[in-house]
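Student: I would like to go through the terms used for this structure and ask what stands behind each one.

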Amino acid sequence: MRDLLSAPGKRVLDRLVGQAGALFAFDFDGTLARIVQDRHAAGLTETTREALQALAVVASTAVISGRSLEDLRPRVDGIPAHLIGNHGLEGLHASERVMQQAKDCCRAWLKSVAKAEEDLIRVGVVVEDKLYSLTFHYRQACSPPAAREAIFHTVSTLSPAPRLVLGKAVVNVIPSGNLHKGSAMLELMHQLRSSAALYVGDDDTDEDVFSLPDERIVSVRVGRKVATAAQWYLARQSQIGLLLQYLTEARARALSA
Ligand SMILES: [Mg+2]
């Protein structure tokens with residue numbers, strides 16, 4: 001893993017911004033927005049909002065989040081970016097039939113989850129219904145191991161068996177299938193005829209993009225880590241504004257050259 005804001009990293013970015021139809025895609029929580037104790041309070045800083053807005057005006061830009069679109073949309077209000085929600089399930093590419101299946105699956109799971117509700121509440125777990133997937137949050141739990149144990153016990157009873165993706169104090173419970181952030185990224189690149197792309201994320205669901213065997217995508221993890229498929233890293237979330245500004249300026253230089 002190498003530092004994206006180093007000289008070699010900037011050379012990669014300079015090459016990328018010069019490509020016609022280059023796509024710049026970002027995860028939301030932990031990437032564009034700082035992780036906060038109360039997930040409802042997560043948002044862009046004014047600097048990040050302005051920098052994302054400026055980039056979205058000069059280049060194809062996307063936000064690919066685990067949040068539902070309904071939840072994500074007001075947080076990036078007014079920014080002309082493509083939005084994809086529910087870890088890639090919700091957005092531009094899934095057929096109505098697939099979406100209905102995911103919805104039916106979540107309805108069935110919620111019935112099982114309701115039976116365990118008291119046990120989950122007791123250990124500080126909050127279940128979020130995102131219509132096409134569920135998220136079990138335990139950031140507020142007194143004992144994270146006890147919370148995780150209660151979550152894993154509950155999800156082991158779910159039928160059909162979900163795909164589990166662990167995150168920062170969350171367990172994402174997703175209908176199994178081929179839709180994830182990686183497939184969403186490829187579909188978006190296909191639709192936009194992008195020959196190159198950047199993807200920045202911070203969490204396990206982002207590994208679905210990082211691990212794509214696709215040389216067109218420059219993959220960046222927020223926070224250096226050994227066990228990741230990302231090629232590059234941003235040392236801290238607070239550097240996202242710097243990256244956005246660099247991309248916008250480099251893009252403007254490439255367009256005027
Ligand atoms: Mg994230």
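**Helix packing and sheets**

Tutor: This is a predicted model. The crossing of helices H2 and H9 is left-handed.

Student: What makes the crossing of H2 and H9 left-handed?

Tutor: A crossing counts as left-handed if the near helix is turned anticlockwise from the far one by less than a right angle. The crossing of H2 and H9 is of this kind.

Student: Why are H2 and H9 called roughly parallel?

Tutor: The axes of H2 (residues 46-58) and H9 (residues 240-256) cross at roughly 25 degrees and come within 9 Å. Angles under 35 degrees count as roughly parallel, and H2 and H9 are therefore roughly parallel to each other.

Student: Which residues make the contact of H2 and H9?

Tutor: H2 contributes Thr47, Thr48, Ala51, Leu52, Ala54, Leu55 and Val58. From H9 come Ile240, Gly241, Leu244, Gln245, Leu247, Thr248, Arg251, Ala252 and Leu255. By class, the contact has ten nonpolar, five polar and one charged residues. Arg counts as charged, and Gly is placed among the polar residues.

Student: What makes E5 and E7 edge strands?

Tutor: Their sheet is open, with four strands in the order E5-E6-E8-E7 and antiparallel pairing. E5 (126-129) and E7 (163-167) each pair on one side only. Neighbouring strands in this sheet are turned by 20 degrees against each other on average, direction ignored.

Student: How do you know that E5 and E6 pair?

Tutor: Pairing requires at least two bridges between the strands. E5 and E6 (residues 134-137) have four, in the antiparallel sense.

Student: Why does the seven-stranded sheet leave one side of E1 and of E4 without a neighbour?

Tutor: The order in this open sheet is E1-E11-E10-E9-E2-E3-E4, with parallel pairing. E1 (2-3) and E4 (82-84) stand at the edges with a single partner strand each, so one side of each has no neighbour in the sheet.

Student: How do you know that E9 and E10 pair?

Tutor: Five bridges join E9 (residues 197-201) to E10 (residues 217-222), and the two run parallel. The cut-off is at least two bridges. Leucine 198 has valine 218 of E10 as its bridge partner.

Notes
Residues numbered from 1 in each chain as written. Predicted model: local features only at pLDDT ≥ 70, side-chain atom pairs only at ≥ 80, totals over all residues. Axes fitted to C-alpha atoms, helices over the stretch in contact; angles between N-to-C directions. Parallel < 35°, antiparallel > 145°, perpendicular 65-115°, else oblique. Contact = placed C-beta atoms within 7 Å.
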